[in-house]
Structures are given as C-alpha cells and as structure tokens.
Amino acid sequence: MSYQKPRSQNDYKDLIWSLLPLVLICLVIAGIASQCSFSAKGPTQGQIPNFDVKSALTDDARHLSFPIRLPALPDTAPDKWTPNSGSHDTITGTGGGDLSTVGYISPEGTYMQLTQSNASVEALAKKYAPVKVATGSEQRGDHKWSVFAEPGSEPAWISDFGDVRILIKGAGNGAAFNALSTAVGQAQPLPRS
C-alpha cells in the first residue's frame, strides 16, 4: 500500500517543503564559496580595482596616431581621484577613429570616463552622448566644451583640441566635471617615443 497522496491533492505547502532543502543547500554552498554576504547597514563600497593609468596612457601615446594627455589629478585624500579601468575601441563609419578610454572614481565616489580620440565630435556624440545635439557649453581655460545632457542621464562634455577630441562622461557632479576638464586641458601631450 502506498503512503503517497495523489498528485491532484498536492498544494503550495508541498511545493514549499520540497523547495526548502534546495534553497538551504544553495545558501550553504554560496557561504562556503564566500560569494555572498549580509550587511545589516546596507551595501558597502567594494575595493576599487588597481589600474596603472600612467603606463596605459604612455603606451597609448606610443601606438595611437593622435596625442594622448595624462591629466594631473589629486591622488591623496580627501580629493583623491582613483584610476580604475582602461580600454580601446574604434568608431567605424563617417568621422570615426580610434578611442583611448580610462576611468576614474572621483573623490565623491562616482565613475568618470575620459576618452581621447581622433574621431569627430559628431561621431563621439553619436556613440556616447545622451542627446546628439549639444544642449550648452562650458569654458575651461583655453578650451570650450560642448555639453550634451538631458534629465535622467549621464551628461557628456566634448571638446575639440585641434589634434584630438576629448570626451568626459560620468555620474559625477559639476565639481567632478570641472576638475577633470581643467586637468586634461592643462595637460601636455605625452611623448610618442
């Protein structure tokens, strides 16, 4: 005689009791692998990846056909800018070109992107800006920055330095954009050899 009840009599309680052991096993495995944690006070900032921005941009200066600048940003607290990433890309099509991108974490903890390229302002705006037409401009030193912004999205600033176009984009506040645009505007091109 079978002690199992017919399938038609199973309900949500049976489903919960059958899934509970599986959930517990998953939690134990995740805990052993140290892939999850619990913080009663909410999320905490993780460790920022270590990235050697000077070496990366020096290498880009040697290999790319346009001048590369290394902005002098503060590297001590409380105004510390921490480089955390870098990449290369290419914009194809009209006005396209090579891209050298590095990322920084601003003193406020927001990500800021610095892209240097021989692509046109229009091509950069098409790829990175939230809107394709400038919504304003900012003057920082000798350079005029076209501002591409719309509510609810990260703004992008693009400036034509003549031999290179510079794009700044990120979640930073006005002070972060001012600091990065001023620093890159004051930087001299790195040696090509």
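## Charges across the chain

The 16 positive and 17 negative charges of the protein chain have mean positions 6 Å apart. Please keep in mind, as you look around, that this is a predicted model.

## Overall build

Let's start with the fold elements. The protein chain holds four helices and seven strands. Read from the N terminus, the order is α-α-β-β-β-α-β-β-β-β-α.

Now for the dimensions. Along the principal axes, the C-alpha atoms of the protein chain occupy a box of roughly 90 × 40 × 30 Å. The radius of gyration of the protein chain is 25 Å, whereas a compact globule of 193 residues would have one near 16 Å.

## Surface and interior

How much of the protein chain counts as buried? The share is 34% of the 193 residues. The protein chain exposes about 12,100 Å², and 56% of that area is supplied by carbon and sulfur atoms.

Contacts tell us about reach along the sequence. Taking contacts in the protein chain between residues at least 6 apart in sequence, 51% join residues that are at least 24 apart.

## A look at Thr82

Thr82 belongs to strand S1, which covers residues 82-91. Is Thr82 buried or exposed? Its relative accessible area is 18%, so Thr82 counts as buried, the cut-off being under 20%.

Which residues does Thr82 touch, once its neighbours within four places in sequence are left aside? Thr82 is in contact with Ile48, Gly103, Tyr104 and Ile105.

## Salt bridges

The model has four salt bridges, and here are some of them. One joins Asp59 and Arg62, whose closest N and O atoms are 3.8 Å apart. These two residues sit three residues apart in helix H2 (residues 53-63), so about one helical turn separates Asp59 from Arg62. Both ends of this pair are partly exposed: Asp59 has a relative accessible area of 32%, and Arg62 has 44% relative accessibility.

Another pairs Arg140 with Glu138, with 3.0 Å between the closest N and O atoms. Here Arg140 is buried, at a relative accessible area of 19%, while Glu138 is partly exposed at 30%.

Arg165 and Asp160 also form a salt bridge, and their closest N and O atoms lie 3.4 Å apart. Arg165 counts as buried, with 11% relative accessibility, whereas Asp160 is partly exposed, with a relative accessible area of 47%.

Notes:
Residues numbered from 1 in each chain as written. Predicted model: local features only at pLDDT ≥ 70, side-chain atom pairs only at ≥ 80, totals over all residues. Heavy atoms only, no water. Buried < 20%, exposed > 50% of the residue type's maximum accessible area, 1.4 Å probe, protein only. Contact = heavy atoms within 4.5 Å. Rg over C-alpha atoms; globule rule 2.2 N^0.38 Å. Areas by Shrake-Rupley, 256 points an atom, 1.4 Å probe, with all protein chains shown as cover. Lys, Arg positive; Asp, Glu negative; His and termini not counted. Charge placed at Lys NZ, Arg CZ, Asp CG, Glu CD. Salt bridge = Lys/Arg side-chain N within 4 Å of Asp/Glu carboxyl O.
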